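Me: I am new to this structure. Please show me how to read it, one feature after another.

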Amino acid sequence: MFLNFLRAEIVLGVVLSWRAYYARLIIFSLSFLLISALLSAQFSGRQPATVALDIGLSVVRLLLPIITVLLVQELVSKEFDRRYYLGSLSYPCPRQVFILGRYISIAILIFGLLLLLAVGLGGVVWWGEMDYVQGTPVDLGRGYAIVLGFIYVDFLVGAAVASFLAIVASTSSFVLIGTLGFMLIARSFSSIVELLVRDAGVVSAPEAYRAGVGLLGYFLPDLGALDVRSIALYGKMEALPADWPLLLSSSLIYVFSLLALSVWMLQRKRFS
């Protein structure tokens with residue numbers, strides 16, 4: 001019975017997203033990615049395929065959190081803002097079906113979008129390789145697939161944060177600000193710590209600053225380490241972090257913990 005309700009909620013989430021603006025998001029994202037990759041390849045003095053792939057992956061990592069927030073606002077926040085929950089939560093099924101179904105539907109939609117963007121970017125990069133033979137060719141095979149897999153894990157964390165904020169926040173705008181702020185901090189704090197280790201002169205009190213920023217590692221997943229694009233850019237598997245199983249497992253544990261916390265908050269949420 002639970003699986004039947006969950007399956008119905010997933011289908012409903014996909015249908016609602018498609019009826020809203022998911023198709024327009026696909027067109028905009030693909031167009032923006034292709035234009036950015038093509039222009040970067042054309043204006044690159046050398047190694048156009050590598051530059052196009054680098055810029056394209058940056059665009060993908062920029063677009064996915066924004067699209068994720070928009071989908072969460074559409075499927076979760078608006079349910080509470082417009083009192084749609086009077087219908088969606090009135091069925092004789094557990095409340096956790098609602099948040100889990102909407103999260104899985106968003107994961108399915110983003111997975112399809114990521115595949116589409118990956119194919120489009122791969123086509124641009126392949127076209128760039130035909131006109132210019134590089135000394136270090138890009139890896140559009142296994143390395144490219146690994147990079148995309150790590151990007152998808154990065155998205156799963158962001159979607160879990162957005163879903164949790166949509167449950168606890170009183171306004172949908174806080175979901176946007178909170179999620180993007182979280183992604184910015186989680187992607188950058190490890191790089192800041194590494195910078196302070198290499199060059200302590202950038203701040204006046206490097207030890208105290210490094211200790212303060214390093215505390216974030218106990219509360220946030222290191223999403224910056226999930227950016228392993230060098231594997232695809234230069235075809236070197238050595239760029240894969242040695243502790244990549246720990247990185248992936250810690251990120252997925254963070255996702256499951258946030259979803260469990262979201263379910264717990266939804267169970268105790270009082271609607272006026």
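Me: What should I know before I start?

Reply: This is a predicted model, where local features need pLDDT of at least 70, side-chain atom pairs count only at pLDDT 80 or more, and totals for chains, interfaces and linings use all residues. Residues are numbered from 1 along each chain as its sequence is written, and side-chain values use heavy atoms, with hydrogens and water left out.

Me: How many helices and strands does the protein chain have?

Reply: Helices (H or I, at least four residues) and strands (E, at least two) are DSSP runs, numbered from the N terminus. Here the protein chain has nine helices and zero strands. Read from the N terminus, the order is α-α-α-α-α-α-α-α-α.

Me: What share of the 272 residues is buried?

Reply: Buried means under 20% relative accessible area, exposed means over 50%, and partly exposed lies in between (1.4 Å probe, protein chains only). In this protein chain, 44% of the 272 residues are buried.

Me: What do the contacts say about sequence separation?

Reply: Contact means heavy atoms within 4.5 Å. Take the contacts with a separation of 6 or more: residues 24 or more positions apart account for 80% of them.

Me: How many cavities of 30 Å³ or more are there?

Reply: On a 1 Å grid over the protein atoms alone, a cavity is a set of points where a 1.4 Å probe fits but cannot get out; lining residues have an atom within 4 Å of a point. Grid points are joined across faces, edges and corners, and a volume is the space filled by probe spheres set on the points. This structure holds one cavity of 30 Å³ or more. The largest cavity has a volume of about 50 Å³.

Me: Which residues line the largest cavity?

Reply: Among them are Val60, Leu64, Ile151, Phe155, Met183 and Arg187. Helix H2 (48-81), helix H5 (142-168) and helix H6 (172-198) each give two or more residues to this lining. For residue classes, Ala, Val, Leu, Ile, Met, Phe, Trp, Tyr, Cys and Pro count as nonpolar, Asp, Glu, Lys and Arg as charged, and the others, Gly among them, as polar. The lining divides into seven nonpolar, two polar and three charged residues.

Me: Leu64 is on that list. Where is Leu64 found?

Reply: Leu64 is found in helix H2. Leu64 is buried, with a relative accessible area of 3%. Leaving aside neighbours within four places in sequence, Leu64 is in contact with Ile110, Leu113, Leu114 and Ile151.

Me: How far should H5 span?

Reply: The expected span of a helix is 1.5 Å times one less than its number of residues. H5 has 27 residues, so the span should be 39 Å; its end C-alpha atoms are 40 Å apart, which agrees. H5 is mostly covered, with 23 of its 27 residues buried.

Me: Which residues of H9 are buried?

Reply: An α-helix has 3.6 residues a turn, so residues three or four places apart point the same way. In H9, the buried residues include Leu248, Ser251, Val255, Leu258, Ser262 and Leu266.

Me: Is Ile231 buried or exposed?

Reply: Ile231 is buried, with a relative accessible area of 0%. Ile231 lies in helix H8 (residues 230-234). Ile231 and Val138 are 93 residues apart in sequence and 8.5 Å apart in space, C-alpha to C-alpha.

Me: Where is the place of Arg95?

Reply: Arg95 is in the loop between helix H3 (85-88) and helix H4 (96-131). Arg95 is partly exposed, with a relative accessible area of 26%.

Technical notes: On a 1 Å grid over the protein atoms alone, a cavity is a set of points where a 1.4 Å probe fits but cannot get out, and a pocket is an open set with protein on both sides within 12 Å along at least five of seven lines; lining residues have an atom within 4 Å of a point.
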